[in-house]
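Dear colleague,

I am handing over the structure we spoke about, and below it you will find my notes on what turned up when I went through it. Please read them with the coordinates open beside you.

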Amino acid sequence: MGWLHWERFLCGTDCTTDPHRCVSERLFVEMADVMVAEGWRDAGYEFVCIDDCWMAPTRDQQGRLQPDPKRFPSGIRKLADYMHSKGLKLGIYSDVGNKTCAGFPGSYDHYDLDAQTFASWGVDLLKFDGCNSGTLELLAEGYRRMSLALNKTGRSIVYSCEWPFYLRPVQQPNYTEIKHYCNHWRNFFDVYDSWSSIKSILDWTALHQDSIVKIAGPGGWNDPDMLVIGNFGLSWDQAVTQMAMWAIMAAPLFMSNDLRHISPEAKWLLQNKDVIAINQDVLGKQGYQVVKDKHFELWERPLSGGAYAVAVLNQQEIGGPQNFTFSLSFLGNGLACNPACSIQQVLPASRDWGVYSWVSSLSVEVNPTGTVLLKVVVL
């Protein structure tokens, strides 16, 4: 869990005319201060992550990556020390190819040196992109080599990969191998601040769930990309859907928004302890779609203690709230509510639904593009 600059701040490098939106040490220090002061760290968001465009255009005389001297005058080590002093962790970005997606120096042929550099700076996470990698063989070799290089440093560094995303147009990824080397990995396109983007990620995940759900678990996760709640493109119901479905998918929760200017409603949703508890459940199993009925989708996620998280998603984009009715015997292959269960609604608002038997039906009213998230505990 944490915060990542990319979707909201992109590759802003003009600190003279736009200092508040420029990718600079000031941005990350200010975001860290807010994360501590406004309860984000205490809710579990501990990583502050730098994405592309932090670097100087060239490596230094020793061949090492270096931050842009104007935008990061104190250096990355000082920034990492500041994060650690606040009880936070620092994430950084590089690329498996010879250039990053934005054209800055990549790590190709420098994997060991770059891993050592990041470790010496006190970095806690590396997002490793896949632009400009040449062949699929070079792509795979680069991801493997950087994983080994990070481990060789002796520092615990979370390794966030884009490996399967760059493989998928050409071949089916070997997720067993990817999980061996990576801690989480992107499968699909970058998230945008729009409902169509969130919908496309959910549709893709449901379509490919047979190949991706079984591999997810402690140590390795499918990453559907950043939370864009608190920005401009999602309605309230769509924001609820993203938060609920990212919890169902056991997704890493990396926000990309401006925490210095965020609505109380978005803050409440992103810091909701009950949703975060589902997302971070220690069993670590990813949820999956159980039923698709016209515009309604029923998803479930097994939780520790024999409980289940259940999401009812209404994909319809016209009209008003509609009811979806289903038998509780559907859930958990008939085990989730056998012989009885208590049901707690988590989103869009907390509500106790009471006790139900295995043969009961449940009727859930859901707004267009909205989701109702429930927790089902067997009795």
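Predicted model: local features only at pLDDT ≥ 70, side-chain atom pairs only at ≥ 80, totals over all residues.

The largest cavity has a volume of about 120 Å³, and the second largest cavity has a volume of about 100 Å³.

The largest cavity is lined by 13 residues, and those that lie nearest its centre are Leu4, Lys127, Ser160, Asp223 and Phe254. Two strands, β4 (125–129) and β6 (184–186), each supply at least two residues of that lining. Sorted by class, the lining of the largest cavity comprises 6 nonpolar, 2 polar and 5 charged residues.

For the second largest cavity, the lining has 14 residues, of which Asn187, Ile201, Thr205, Asp223 and Pro224 are the closest to its centre. You will find Asp223 named among the central lining residues of the largest cavity and again among those of the second largest cavity. Helix α9 (195–207) and strand β7 (221–223) each supply at least two residues here, and α9 gives the most, with 3 residues. The class composition of this lining is 7 nonpolar, 4 polar and 3 charged residues.

Turning to the aromatic side chains, a search of the whole structure finds 19 aromatic pairs. One of them joins Phe188 and Phe189, whose ring centres are 5.1 Å apart and whose planes stand at 70 degrees, so the pair is edge-to-face, the class for angles over 60 degrees.

Elsewhere, a charged side chain meets a ring: Arg8 lies over the face of Phe9, at 6.0 Å from the ring centre.

Among the helices, I looked at α11 (residues 236–248) with some care. Helix α11 is mostly covered, with 11 of its 13 residues buried; the buried residues are Gln238, Ala239, Val240, Thr241, Gln242, Met243, Ala244, Met245, Trp246, Ala247 and Ile248. Just after α11, Ala250 takes a positive phi of about 55 degrees.

Finally, a note on a residue of another helix, α13 (residues 273–279), where Ile276 has its place. Ile276 has a relative accessible area of 8% and is therefore buried, the limit being 20%. How far apart are the C-alpha atoms of Ile276 and Ile318? They are separated by 30 Å, the two residues being 42 residues apart along the chain.

With best regards

Notes:
Residues numbered from 1 in each chain as written. Heavy atoms only, no water. Buried < 20%, exposed > 50% of the residue type's maximum accessible area, 1.4 Å probe, protein only. Helix = DSSP H or I, 4+ residues; strand = E, 2+ residues; numbered from the N terminus. Phe/Tyr/Trp six-rings, centres within 6.5 Å; stacked < 30°, edge-to-face > 60°. Lys NZ or Arg CZ within 6 Å of the ring centre and 35° of its normal. 1 Å grid on protein atoms, 1.4 Å probe; cavity = no way out; pocket = protein on both sides within 12 Å on 5 of 7 lines; lining within 4 Å. Points joined across faces, edges and corners; volume = space filled by probe spheres on them. Nonpolar A, V, L, I, M, F, W, Y, C, P; charged D, E, K, R; others polar.
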